[in-house]
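The following note sets out numbered remarks for a colleague who has the coordinates at hand. Please read each point alongside the sequence and the structure.

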Amino acid sequence: MEKYKSNEERIVELTYLLENKNLTELSDLLNRTNPVDIVEFIEDLPAEEALIIFRLLSKEDAVEVFAELDQEDKEKLQASLNDDEFKELLEELNFDDMIDTLEEMPATMVQEILKSSDNETRDLVNEYLQFPEYSAGTLMTTEFVEVKADMTVEETLAMLEEVGKDKVTVYTCYVTDDTHKLLGYVSLRMIVTREPDTKISQLMFEDVIYVHTTDDQEDVAHTFQKYGFTALPVVDNTNRLVGIITVDDIMWIIEQEDTEDFQRIAGTTPDEADYSKTSAWALAKNRIPWLMFLMISGAFTSTILKRYEDVIQTVIALNMFIPMLTGSGGNAGSQASTLVIRAMATHDIEPSDWAKVVLKEITVGLICGLALGAVAFLKCFFLDKVAMNVALVVAFTILAIVVLAKAIGSLLPIVAQKLGADPAIMASPLITTIVDSLGLIVYFNIAQAILPGLNI
């Protein structure tokens, strides 16, 4: 039995064999390597070496490796393969993987490929390419098992033996009528543990969860997470079964959606390319619009400071606490917005829950604000040696800012979703900018109320 080797050790060995052009041993080692690890290996290879590796793979591994490659590496291989090799590879791909590949190709090349396809494949491809971007229709595959309610277990097993090898999954079989309308589903376990003459109608579950071809991929991902499915049927607007989505495809969508949310939370335009493969110019181009917007928005802070210039000049000590106050407000708002964005993404809360959410965050803000305000008062009075009334101004301001920031941070993502925008855009940078401006207004108004002799 071969000793287990880590992925890093396996890649080092593959690299050594490739560099020394030991193709026999290289081919043997590739056959014993998981296709996912092969993908990682060839990602960083130049096109010529990637092609050598690809041609040494078995037909099954080559198909799986190509399906797992990102678009840039697919294009690199596609350019190296001749037309016949590429068309043959496309034909062997699972239907959803073929669609994903064709979607990223130039229209003229897609048309050329479809010319040599049979009518059924051509019609299916054209239909799939017309589904809305990021919809369930673009994720699904047609390689599922479809059975009829009046079939017996014996007939079903015979059919599975004949067609199962060409399907993405056989663990769940979908029951349809003569017009392909979805009636229910039956698991493979139910089939293999029943008597041969048992009818599928006696075994099937009619309460089937499904999605429509036009449903957004994020809603599809939520359905998978909620029910823990490994596959999900997709129907058209007449309830006809047209495909299934498998969990391996939806895992990629979940990662993509989470990445987009993190990018928006960080104040940058979402980019599907990996960070390591994105140029500095492309990264800067995605960040400049947000940085520009936030810089201009931040200019309101200087306007507010100028508006209360007389107050600052009268009590110079007020100026030294501005960074602490704005920082506390920004942090409090960011906490609330991040948690609310996450709760909305997991459907833990809905826009209709806005009043309950804001009330809860105001309560949290009061608790946090009282704690922070008390500590701020002690710091200002005993460590900074300012007058008690100035320390009280800072303490009351901290309390007010934290409550205000929590309310704004929880409400803005909900408003964004109500308006049809991504809640993640109402994230840390934007919340901080808004809270900074409002916090200064609160600060100086409290100062005017508590400190004698201050006027605007």
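1. Cys368 has a relative accessible area of 29% and is therefore classed as partly exposed, in what is a predicted model. Cys380, by contrast, has 0% relative accessibility and so counts as buried. The search for disulfides, taken over the whole structure, returns zero.

2. The UniProt entry, which is unreviewed, annotates residues 288–305, 362–383, 390–412 and 424–446 with the term "transmembrane region". Residues 362–383 are 100% helix and 0% strand, and their end C-alpha atoms are separated by 30 Å. For residues 390–412 the content is likewise 100% helix and 0% strand, with 32 Å between the end C-alpha atoms.

3. Ile288 belongs to helix H16, which runs over residues 280–307. Its relative accessible area is 42%, between the 20% and 50% limits, so Ile288 is partly exposed.

4. Asp436 lies in helix H21, residues 428–450. Is this residue, Asp436, buried or exposed? Its relative accessibility is 17%, and because the limit for buried is under 20%, Asp436 counts as buried.

5. Which residues does Asp436 touch, leaving aside those up to four places away in sequence? The contacts are with Thr301 and Thr326.

Notes. Residues are numbered from 1 along each chain as its sequence is written. This is a predicted model: local features need pLDDT of at least 70, side-chain atom pairs count only at pLDDT 80 or more; totals for chains, interfaces and linings use all residues. Side-chain values use heavy atoms; hydrogens and water are left out. Helices (H or I, at least four residues) and strands (E, at least two) are DSSP runs, numbered from the N terminus. Buried means under 20% relative accessible area, exposed over 50%, partly exposed in between (1.4 Å probe, protein chains only). UniProt positions are given in the numbering used here, feature names are shortened, and annotations may be inferred rather than shown by experiment. A disulfide is a pair of cysteine sulfur atoms within 2.5 Å. Contact means heavy atoms within 4.5 Å.
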